[in-house]
Amino acid sequence: MKKEERRKIYLVIVCISFLQGLQFWVSPLLGQIAAQFPETNISLVQMLVTVPAIVSVFVALGCGWLCTKVSKKNLLLLAALISGVAGIMPWIRDSFELLFFSRIIYGIALGLATTLNTAVVADFFHGKERVTAMGIQAASIGAGMVFITTVAGKAGAVEYRQASWLNFLGFLAFAVIMICLPNQHREGKTSGAIRLNREVWITSGLAFLEFFFLITFSTNIAMHLSGALEGNSTVSGILTGAFSGIQIVAGFILGYVTKWTGKLTLSAAMLSFCIGACFLVLFPSSLPMLFTGALFCGFSQGIFIPTGMVDVANAVDTTSCAMASAVFTCAMSLGQFLSPTLLNKAAGILLGATTTENVFIIAAAGMAVAALMAAFWKLSNKNYIREV
């Protein structure tokens, strides 16, 4: 591939990653939204972040099959268009129901973008180039989240709907994908049928656990602040930005991290969240400590996603890659969707109160167990190979 063509594909990957980042434009504003609609159950408010994830589960599965029938470029153009349209819907009326509905519609775009981002990487890059491209993907997801959450926190400080204009990034992505992404991907060696294997299913199961616990940062941080920081959307935006920003660094150093941690990369990513959650629990009123916690939590996502995606992509042939990515995406999305309701209930039952502190405690404990499970599986899997 020529250098200019490679740059165009990288630009497309960045744009798709920004579409994924739009899932979190409401995250730093959950406190304001909860105050704006006090009659709404807090779990429903938190689901503004996670409901796109459950929609994306069904979309991703359909996308894995559609990729064998329809151009990936056309599907990505549809995703970009839906992102832009869904994002401006809250301006029709100041209504929680309409806001919630717009997030459901955005879930269609999220499912397409998350699945196809990895499929595009698998189509155009192989071996070491694939790891590098996945690192760029992770870094651009982080960059998108930094920009989106930081700007959203400031723009929505007075009125949450002001931040919804960020969704015009969907229309910008539409233009870039239209211009830069070829209609035909590089031909690969295919078997002609979609086949998944044990590596895909187990890695996807670990992805479910990672995001079941990890999403607690995005759904709770705005309401976790105490003392002088309580209710400050700018601070929650900064913390969410730190969570996202460290993923940029993680993406660029992914190759070094995987060489150093080897089979234990996924476990190391999970343990990073555990450390971050401890900072959040112990120092809810200290911005420097919360910032440190956000960095550890973000690093977990920044390493886990591209590593897991590379693992499932390498485990199957080119024909099955989109479906393998879809299964991985579904697992992540299902974990995000189920997390608020189940962990809030678990906090009330096990620790006596549904507080953000108790949710983080349970999430950290659960993630530690998941990390041990991942380590046991990888160390006992003699057939495990990652292209580096």
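**Entry 1: confidence**

I started with the helices of this predicted model. Among the elements of the protein chain, helix α6 (residues 128–155) has the lowest mean pLDDT, 81, while helix α12 (residues 265–282) has the highest, 96. I then looked up the chain as a whole: its pLDDT averages 86, and 95% of the residues score at least 70.

Where does pLDDT stay under 50? I found that stretch at residues 185–191. The model has 15 contacts for it beyond four places in sequence. I made myself a reminder here: where pLDDT is low, the predicted coordinates should not be read in detail.

**Entry 2: a residue in α6**

Next I picked Q137, which is found in helix α6. Is Q137 buried or exposed? I read a relative accessible area of 2%, so Q137 is buried. Leaving aside neighbours within four places in sequence, I listed the partners of Q137 as I13, S17, N117, T118 and V121. I also checked Q137 against I16: these two are 121 residues apart along the chain, yet their C-alpha atoms are separated by 8.7 Å.

**Entry 3: a residue in α12**

From there I went to helix α12, where S267 has its place. S267 counts as buried too, at 6% relative accessibility. What does S267 touch, not counting residues up to four places away in sequence? I noted A371, A374 and A375. For a distance, I took S267 and S233, which lie 34 residues apart along the chain, and found 32 Å between their C-alpha atoms.

I turned to helix α11 (residues 254–261) and helix α13 (residues 287–314). Their axes come within 11 Å and cross at roughly 80°. Angles of 65 to 115 degrees count as roughly perpendicular, so that is how α11 and α13 stand to each other.

Which residues meet there? On the α11 side I wrote down L254, V257 and T258; on the α13 side, F299, I303, P306 and T307. I sorted the residues of this contact of α11 with α13 by kind and got 5 nonpolar, 2 polar and no charged.

**Entry 4: a methionine in α13**

I stayed with α13 to look at M309, which sits in this helix. M309 has a relative accessible area of 1%, so I marked it as buried. Its contacts, not counting residues up to four places away in sequence, are T114, T118, M134, S325, F328, T329 and M332. T118 was already in my notes as a contact of Q137. I also looked up M309 and K72: they are 237 residues apart along the chain, and their C-alpha atoms are separated by 18 Å.

**Entry 5: cysteines**

How many disulfides does a search of the whole structure find? I got 0. For a disulfide the two sulfur atoms would have to be within 2.5 Å.

I finished with two accessibility values. C297 is buried, with a relative accessible area of 0%. C63 is buried as well, at 1%.

Technical notes. Residues are numbered from 1 along each chain as its sequence is written. This is a predicted model: local features need pLDDT of at least 70, side-chain atom pairs count only at pLDDT 80 or more; totals for chains, interfaces and linings use all residues. Side-chain values use heavy atoms; hydrogens and water are left out. Axes are lines fitted to C-alpha atoms, for helices over the stretch in contact, and angles run from 0 to 180 degrees between N-to-C directions. Helices (H or I, at least four residues) and strands (E, at least two) are DSSP runs, numbered from the N terminus. Angles under 35 degrees count as roughly parallel, over 145 as roughly antiparallel, 65 to 115 as roughly perpendicular and the rest as oblique. Contact means heavy atoms within 4.5 Å. Ala, Val, Leu, Ile, Met, Phe, Trp, Tyr, Cys and Pro count as nonpolar, Asp, Glu, Lys and Arg as charged, and the others, Gly among them, as polar. pLDDT is the predictor's confidence in each residue, from 0 to 100. Buried means under 20% relative accessible area, exposed over 50%, partly exposed in between (1.4 Å probe, protein chains only).
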